[in-house]
Structure formats: C-alpha cells, structure tokens
Amino acid sequence: MAAGTLFTYPDNWRAFKAQIAAQYSGARLKVANNAPAFTFGQTNRTPAFLNNFPLGKVPAYQGDDGFCLFESNAIAHFLSNEALRGATPQAAAQVLQWVSFADAEIVPPASAWVFPTLGIMHFNKQATEQAKEETKKVLSVLNQHLNTRTFLVGERVSLADVSVACAMLWLYKQVLEPAFRQPYPNVTRWFTTCVNQPQFKAVLGEVKLCEKMAQFDA
Amino acid sequence: MAAGTLFTYPDNWRAFKAQIAAQYSGARLKVANNAPAFTFGQTNRTPAFLNNFPLGKVPAYQGDDGFCLFESNAIAHFLSNEALRGATPQAAAQVLQWVSFADAEIVPPASAWVFPTLGIMHFNKQATEQAKEETKKVLSVLNQHLNTRTFLVGERVSLADVSVACAMLWLYKQVLEPAFRQPYPNVTRWFTTCVNQPQFKAVLGEVKLCEKMAQFDA
Amino acid sequence: GLQCLATENIWFDKHRYDDAERCFYEGANG
C-alpha cells in the first residue's frame with residue numbers, strides 16, 4: 001500500500017485527483033500544501049526539491065521510500081487501486097482515454113473561460129466565446145456517452161470519473177449556470193453523483209453548483 | 001492479442017505511438033490512412049465514424065471485435081505489452097509521468113516552433129522565441145535525467161520512450177540543428193537509440209536529424 | 001490557491017493549433 005507526501009498548493013484541482021484516488025485505495029497520503037511543510041513559490045524552487053522534481057511543478061509526490069513522481073495523472077494512477085485504474089485491458093485503456101480527454105479537451109477551454117472570472121487572467125471576449133463553444137462540444141460528447149451510463153467506464157467509479165470531474169470542477173462551480181447546463185442533464189447527473197461519493201466529498205467538501213454564470217472579475 | 005484498425009492521416013506522429021507499440025507487442029494493426037479505407041476530412045465526418053468516435057479526431061482505433069478507442073495515449077497503451085507499459089506499479093507510474101510530460105511540456109512549444117516552418121501556421125516571432133526557450137528547458141530536464149540512463153524508465157524501451165520520442169520527432173527533423181542540440185548530448189543519444197530500434201524503424205523509416213534549423217515557410 | 005492557479009502553464013491556444021493542423025492535413029489529403 002502506497003504511503004507518501006503530496007506537495008501542492010491549496011485548492012489545486014490537479015492534486016485533488018491524487019487525493020481522491022488515495023481515498024479509494026487506502027493509500028496513506030500526507031498533503032503538504034502550506035508552511036512549514038511546503039510553500040508554493042519557495043519550496044519548489046529549492047535545489048532539494050528540484051533535484052527530485054526537475055520541473056519544479058506541483059502536484060509532486062514523494063513516497064516514504066523515497067520514490068518520486070511528478071505529473072498529476074501519474075501520481076493519481078500510482079495511488080489508485082486496480083478497480084480505479086480499470087480491471088481489464090479494455091477498461092484500463094478506456095480510463096486512459098477519458099483521462100487524456102480531460103487534459104486535451106476540457107482543461108484548455110475551461111481555463112480560458114474561468115480564469116478571467118477568478119480575476120487571474122485578462123478578459124478577452126473572443127477567447128471566452130470560443131471557450132464556451134468548445135465547452136458545449138465537450139458537454140455534448142459527455143452527455144451522449146452518459147445517456148445510458150452511470151459512470152464513464154464500467155459500472156463503478158474509475159480514474160476516468162475522477163480526472164474528468166476534477167477537470168470540470170471550476171466549470172461547474174463558476175460558470176455552468178442552470179440555463180447553460182440544462183441541455184446536458186446526463187453530465188450534471190453524473191457530476192453530482194461523483195462529487196457526492198464519500199471519497200470525493202472527503203477531499204472536495206461540499207461542491208455547490210453555479211447558480212449564476214460568473215463574469216470577468218477585474 | 002489485440003487486432004484492429006487504426007484510422008489516421010499519413011505521417012501523424014500521434015498515430016506513430018500506437019503503431020510502434022503494436023510492433024513491440026505483436027498486435028495485428030491495420031493502418032487505414034488513405035482512400036478508400038479512410039480519407040481524413042471526409043470519413044471522420046460521417047455519422048458512422050462519429051457514432052464510434054464522437055470527437056471526429058484521429059488517431060482512432062477499432063478492434064476487430066468492435067472495441068473502439070480514441071486518444072492516442074489510450075490506443076498506444078492498449079496495443080502495448082506489459083514491458084512497454086511498465087511491469088511494476090512504480091515503473092507503470094513513471095511511464096505515465098513521461099507520457100504526460102510529453103503532452104504537457106513538449107507538444108505545445110514544439111507545435112509553436114515547428115508549425116510555421118511546415119506552413120501549417122503563420123509565423124509569430126514572439127511565440128517562436130518563447131517556444132525555443134521552453135524547448136531548451138525540456139531538453140535540459142531530459143538531458144539531466146538521461147545522464148546515467150539509456151531509456152527513460154527502467155532498462156528497456158517503454159511507452160515513455162515511444163511517447164516522448166514521437167512528440168520530439170518534428171523538433172529533431174526540422175529545427176534542432178547541431179548547434180542548438182549540442183548542449184543536450186544525452187537527449188540526442190537517447191533519441192537516436194530509440195529511432196534506430198527495429199520497431200521504431202519499421203514505422204518511422206530512416207529519421208534524418210536536422211542539419212539546418214528550418215525557418216518560416218510562407 | 002488562486003494566486004498559484006494563475007501560475008499554471010495552460011495551453012490556451014491549443015484549439016488554434018488543433019484547427020491549423022486539421023486544416024493542413026485535410027488539404028494534404030485532398
């Protein structure tokens with residue numbers, strides 16, 4: 001059973017993937033996300049940190065045995081159990097499919113849309129409109145896939161659900177107001193099912209769905 | 001043993017990952033990359049294709065048993081064998097780490113730098129200069145990691161090498177001229193070792209390293 | 001957390017590169 005420390009900053013959706021995976025597998029995970037254990041911008045620039053994690057990025061994982069990993073998908077995979085990873089070769093491949101889908105198709109438009117509403121990026125009307133259209137396409141694909149499914153792969157929660165749900169956290173919290181998400185009821189049903197799982201709740205707490213689309217915060 | 005068809009356009013580095021994996025595992029892979037089997041821009045817009053592959057993107061894989069997969073990492077993983085995927089939990093996680101690294105750290109600057117030289121996109125001086133700096137950082141990380149290693153994970157070729165090498169194909173062919181790559185000899189040694197493996201050669205053919213940095217192709 | 005999120009390296013332009021690549025190879029395939 002894996003045991004180690006996850007270095008991250010607070011409220012990092014990428015770190016949540018690993019933390020939720022550990023909840024399912026029972027891996028003993030200490031989260032170092034504030035002083036003195038870890039201060040983002042300082043600790044991850046020290047030679048000791050960069051020696052283990054050459055990109056200086058988080059989340060970063062160090063096992064109690066010294067085993068080091070970066071890249072959130074790798075850490076989440078390592079901290080998972082077989083059920084979460086996919087118990088058959090087909091299921092395991094489908095899990096990886098949705099994990100890649102999350103990074104390639106969800107994260108870029110989700111970030112482009114949400115970051116200005118959090119006040120951490122300048123607003124660009126064209127970029128936001130483009131991001132909204134891409135998000136609609138993503139939601140449409142997911143809605144169709146989830147029409148006859150409770151979870152993305154197989155009959156139970158997998159890393160696919162963990163990765164896609166975490167990638168969509170900010171969308172559902174900030175901008176997917178009821179009118180916008182209304183055409184995609186299967187996705188909202190699936191997302192709500194996921195975040196209400198005890199293992200998700202233990203990490204995310206209560207996830208309140210967006211009531212009114214956040215706008216650019218100057 | 002997996003058997004199926006890979007839909008793609010010719011010379012698609014993302015498809016190469018899956019094709020090389022199949023070479024290692026012995027999976028029986030038909031490549032449909034031209035008429036009449038597959039015409040990119042037409043076949044992937046048909047209802048039949050979109051029913052199986054809702055994003056309409058390639059590469060896309062359909063097993064002879066009807067099993068469908070999209071996202072190149074998932075397809076490559078499915079067509080791999082245990083050695084390629086990583087035989088231990090640690091090795092498997094390290095493989096995923098480098099696969100994610102390829103997508104997150106290599107592909108964006110590689111695209112920004114190389115696309116204008118292939119006439120795929122307009123030239124933007126600032127974007128190209130930034131891409132060069134990011135590429136240097138990537139090469140530096142890889143060079144350090146490969147200082148005492150022949151391959152990225154363990155003692156033999158893995159999906160990590162396949163993914164990272166394929167992501168760097170255009171860099172090494174188009175823009176990493178001798179002067180630019182001179183500070184990163186371990187990376188070039190590793191890359192050359194990979195592309196000269198019989199299984200890589202069977203898919204890529206002869207890979208000629210860049211002699212003079214390609215410039216913007218109007 | 002938000003300050004740290006702002007430092008994340010996101011490929012905001014990905015869609016432009018995807019579209020350009022798609023158009024290029026559609027053209028190359030007639």
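**Figure 1. Area buried between chain B and chain C.** In this predicted model, chain B and chain C bury about 1,500 Å² between them, with 58% of that area on carbon and sulfur atoms. On the chain B side, the residues that lose the most area to chain C are Phe40(B), Ile120(B) and Met121(B), which together account for 33% of what that side buries. The contact involves 22 residues of chain B and 13 residues of chain C.

**Figure 2. Polar and charged pairs between chain B and chain C.** Three salt bridges are counted between chain B and chain C. One of the salt bridges joins the side chains of Arg14(B) and Glu21(C), at 3.1 Å from N to O. Four residue pairs of chain B and chain C are in polar contact, both residues being at pLDDT 80 or more. On the side of chain B that touches chain C, helix 1 (13-25) and helix 5 (89-118) of chain B each supply at least two residues. Helix 5 of chain B gives the most to this side, with seven residues. By class, the side of chain B that touches chain C comprises twelve nonpolar, five polar and five charged residues.

**Figure 3. Chain C.** Chain C contains two helices and zero strands. The C-alpha trace of chain C spans about 50 × 10 × 5 Å along its principal axes. Chain C has 30 residues, of which 40% count as buried.

**Figure 4. Relation of chain A to chain B.** Chain A is superposed on chain B by a rotation of 180 degrees with 0.0 Å of shift along the axis, at an RMSD of 0.1 Å. This is the relation of a two-fold axis. Of the interface residues of chain A, 100% are also interface residues in chain B, so the copies meet through the same surface. The contact takes 25 residues from chain A and 25 residues from chain B.

**Figure 5. The contact between chain A and chain B.** Chain A and chain B bury about 2,400 Å² between them, 68% of it on carbon and sulfur atoms. Two salt bridges are counted between chain A and chain B. One of the salt bridges joins the side chains of Lys57(A) and Glu105(B), at 2.6 Å from N to O. Between chain A and chain B, four residue pairs are in polar contact, with both residues at pLDDT 80 or more. Strand 4 (68-70), helix 3 (72-78), helix 5 (89-117) and helix 6 (125-145) of chain A each supply at least two residues of the side of chain A that touches chain B. Helix 5 of chain A gives the most to this side, with ten residues. By class, the side of chain A that touches chain B has 14 nonpolar, six polar and five charged residues.

Figure 6. Asn73(A) lies in helix 3 of chain A. The relative accessibility of Asn73(A) is 13%, so the residue counts as buried, the cut-off being under 20%. The side chains of Asn73(A) and Lys17(A) are joined by a polar contact of 2.7 Å. Not counting residues up to four places away in sequence, Asn73(A) touches Lys17(A), Val99(A), Asp103(A) and Ser163(A), as well as Ser100(B).

Conventions. Residues are numbered from 1 along each chain as its sequence is written. Chains are lettered from A and ligands numbered from 1 in the order in which they are written. This is a predicted model: local features need pLDDT of at least 70, side-chain atom pairs count only at pLDDT 80 or more; totals for chains, interfaces and linings use all residues. Side-chain values use heavy atoms; hydrogens and water are left out. Contact means heavy atoms within 4.5 Å. Buried area is the accessible area (1.4 Å probe) that two parts lose on being put together, summed over both. A salt bridge is a side-chain nitrogen of Lys or Arg within 4 Å of a carboxyl oxygen of Asp or Glu. A polar contact is a pair of N or O atoms within 3.5 Å; within protein, one must be able to donate a hydrogen and the other to accept it, and residues adjacent in sequence count only if both atoms are side-chain atoms. Helices (H or I, at least four residues) and strands (E, at least two) are DSSP runs, numbered from the N terminus. Ala, Val, Leu, Ile, Met, Phe, Trp, Tyr, Cys and Pro count as nonpolar, Asp, Glu, Lys and Arg as charged, and the others, Gly among them, as polar. Copies are superposed by least squares on the C-alpha atoms of residues with pLDDT of at least 70 in both. Buried means under 20% relative accessible area, exposed over 50%, partly exposed in between (1.4 Å probe, protein chains only).
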